[in-house]
Amino acid sequence: MRAIYKKEFKSYFNSMMGYVFVAFLLVAVSIYFSGYNLGMGYPLLGITLSSVTFLFLILVPVLTMRSLSEEQKNKTDQLLYTSPVSVGEIVFGKYLALVSVFAIPMVVICFYPIIMDAYGTIDFGMAYVAIFGFFLLGCAYISVGLFISSITESQIIAAVISFSVLLFSYLMSGIAGFFSDTAITSLLAFTVLLLVFCLIYYIMAKNIIASCGVFVIGEVILVVLYFVKKTWFEGAIAKVLGTFDLTAASTNMIQNGILDITDIVFYLSIIGLFLFFTVQSIQKKRWS
């Protein structure tokens with residue numbers, strides 16, 4: 001795994017990908033930092049970091065689009081699959097390389113509270129909790145991008161899908177507000193979500209019978225639950241959609257500087273879940 005990690009990490013800086021990611025993120029954060037914290041005198045670094053979370057929608061797809069798609073396109077993934085290293089170690093090594101690239105600008109950002117302290121008094125605890133929350137959010141987005149890179153050979157398609165998924169997650173709180181609290185609205189929305197899930201499953205498994213079977217079984221379960229306990233569906237879609245909002249869980253840490261164990265567990269669970277999905281996606285292609 002160490003060899004894969006080193007190879008992947010170096011590859012980002014053998015090309016311009018790593019330099020562009022680091023430079024773009026640092027320039028953007030520095031502009032907001034100069035304006036908010038130094039120019040206007042805001043003592044909270046979280047204001048700056050929460051203002052630039054939208055950058056992940058662009059930077060993460062660009063960073064992760066080649067991680068596994070390029071291997072599939074060049075057929076070099078076959079060499080990895082036949083190596084003595086397990087698929088899990090391959091995925092984890094690539095993920096650590098991506099996180100290491102992301103960690104470089106984060107190390108620089110860690111000096112920002114010290115700069116702020118030279119011009120006034122700040123709460124270092126809140127500042128570094130905000131940085132930690134920002135880092136966790138980025139790591140979660142990277143795990144999503146890595147998974148999407150594993151399901152297609154095209155880097156462009158991987159970047160577009162990653163951007164769309166992350167944008168959908170970023171806007172989720174607003175999207176959830178469009179739905180009424182009625183039970184029938186939730187039932188229809190769950191049907192659409194089930195259809196999207198089955199479509200994604202078909203893209204990965206290429207099995208139309210299994211995909212249709214999952215949809216039919218899932219829809220029957222939804223309809224039965226609707227008629228048995230209609231109250232369960234009242235306002236349920238808003239709650240379910242809220243779980244897809246990755247940014248919301250970071251609010252306590254980034255904006256308020258509050259270290260919440262539940263938020264940390266949430267992000268670690270998201271990272272573990274999408275790394276697991278990535279392993280399963282590769283395993284499926286490996287044996288097919």
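F24 touches L55 and L59, residues up to four places away in sequence not being counted. This contact belongs to a predicted model, in which F24 forms part of helix α2. The C-alpha atoms of F24 and L59 are separated by 8.3 Å, although the two residues stand 35 residues apart along the chain. F24 has a relative accessibility of 42% and therefore counts as partly exposed, given that this class lies between the limits of 20% and 50%.

The overall composition of the protein is considered next. The secondary structure comes to 16 helices and zero strands. Of the 288 residues in the protein, 43% are buried. Among the contacts with a separation of 6 or more, 78% are accounted for by residues 24 or more positions apart. The pair formed by F24 and L59, at 35 residues apart, illustrates a separation of this kind.

Two pairs of packed helices were examined. In general, two packed helices are described by the angle between their axes and the distance between the axes. Helix α2, which spans residues 17-39, packs against helix α7, residues 87-109, at an angle of about 30°, and their axes are 9 Å apart. The two helices α2 and α7 are therefore roughly parallel, since angles under 35 degrees are placed in that class. The crossing in which α2 passes α7 is right-handed. On the α2 side, the contact is made by G18, F21, V22, L25, L26 and V29; on the α7 side, V101, F102, I104, P105, V108 and I109 take part. The residues of this contact of α2 with α7 comprise 11 nonpolar, one polar and no charged.

The second pair consists of helix α4, residues 56-64, and helix α9, residues 124-149. The axes of α4 and α9 come within 9 Å and cross at roughly 45°. A right-handed crossing is found where α4 passes α9. From α4, the residues F56, V60 and T64 meet F134, L137, G138, Y141, I142, G145, L146 and S149 of α9. The residues of the contact of α4 with α9 divide into seven nonpolar, four polar and no charged.

A further contact involves a loop residue. L259 is placed in the loop between α15 (251-254) and α16 (261-287). When its neighbours within four places in sequence are left aside, L259 is in contact with V129, F132, M253 and I264. L259 and F132 are 127 residues apart along the chain, yet their C-alpha atoms are separated by 9.0 Å.

Finally, the cysteines were considered. A disulfide is a covalent bond between the sulfur atoms of two cysteines. The structure holds zero disulfides. In the case of C212, the closest cysteine sulfur is that of C198, at 8.0 Å, which is too far for a bond, because a pair of sulfur atoms must lie within 2.5 Å to be counted as a disulfide. C212 is partly exposed, with a relative accessible area of 41%. C110 is also partly exposed, and its relative accessible area is 28%.

Definitions and conventions: Residues are numbered from 1 along each chain as its sequence is written. This is a predicted model: local features need pLDDT of at least 70, side-chain atom pairs count only at pLDDT 80 or more; totals for chains, interfaces and linings use all residues. Side-chain values use heavy atoms; hydrogens and water are left out. Axes are lines fitted to C-alpha atoms, for helices over the stretch in contact, and angles run from 0 to 180 degrees between N-to-C directions. Helices (H or I, at least four residues) and strands (E, at least two) are DSSP runs, numbered from the N terminus. A crossing is left-handed if the near helix is turned anticlockwise from the far one by less than a right angle, and right-handed if clockwise. Contact means heavy atoms within 4.5 Å. Ala, Val, Leu, Ile, Met, Phe, Trp, Tyr, Cys and Pro count as nonpolar, Asp, Glu, Lys and Arg as charged, and the others, Gly among them, as polar. Buried means under 20% relative accessible area, exposed over 50%, partly exposed in between (1.4 Å probe, protein chains only). Angles under 35 degrees count as roughly parallel, over 145 as roughly antiparallel, 65 to 115 as roughly perpendicular and the rest as oblique.
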